[in-house]
Amino acid sequence: MTQKSREAIIQLLFIALYRDHELSLAEDTVLNEALDSLGWESQASWASFLFTAFTTARAATADPVKEESLFRSLSATVRDEQGSAEALTWLTRVLAADGLSNSEKRFLERLEKVFFS
């Protein structure tokens with residue numbers, strides 16, 4: 001996995017957390033597992049990246065046009081960098097940790113189409 005796809009997956013994870021407007025303890029636990037598993041191989045600060053990625057996700061989810069643009073960009077990066085399977089696995093695990101809402105299911109279905117169609 002490339003650092004570029006790793007960063008895109010992390011940003012998609014943050015966007016995904018806004019699907020049901022709730023971060024449960026179960027989701028938080030699995031999210032931390034995902035972040036640990038994905039690793040970090042950049043000279044850039046991990047903490048700085050996380051802050052920026054979370055801020056970007058929060059801002060994008062407040063504006064449907066921005067969210068769509070960010071979703072397309074991130075999902076294309078993951079697909080192009082061959083990170084689709086790992087991304088979908090972690091996104092599914094995180095979102096399913098407390099049960100999947102309808103909006104979370106639609107988000108995962110949409111990613112699956114982008115990644116594998």
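Guide: What follows describes the salt bridges and their surroundings. This is a predicted model, in which local features need pLDDT of at least 70 and side-chain atom pairs count only at pLDDT 80 or more, while totals for chains, interfaces and linings use all residues. Residues are numbered from 1 along each chain as its sequence is written, and side-chain values use heavy atoms, with hydrogens and water left out.

The chain comprises 6 helices and 0 strands (DSSP runs of H or I with at least four residues, or of E with at least two, numbered from the N terminus). Across the whole structure there are 6 salt bridges, a salt bridge being a side-chain nitrogen of Lys or Arg within 4 Å of a carboxyl oxygen of Asp or Glu.

One of them joins Arg19 to Glu67, with the closest N and O atoms 2.5 Å apart. Arg19 lies in the loop between helix H1 (3-17) and helix H2 (25-38), and Glu67 in helix H4 (residues 64-80), 48 residues apart. Arg19 is buried at 19% relative accessible area, and Glu67 is buried at 14%; buried means under 20%, exposed over 50% and partly exposed in between, with a 1.4 Å probe and protein chains only.

Glu33 and Arg93 form another salt bridge, at 3.2 Å from N to O. This pair connects helix H2 with helix H5 (residues 84-96) across 60 residues. Glu33 is partly exposed at 35%, as is Arg93 at 40%.

Arg110 meets Glu68 at 2.4 Å, N to O, linking helix H6 (residues 102-116) to helix H4. Arg110 is partly exposed at 33%, and Glu68 is partly exposed at 24%. Together with Arg72, Glu68 and Arg110 belong to a network of salt bridges.
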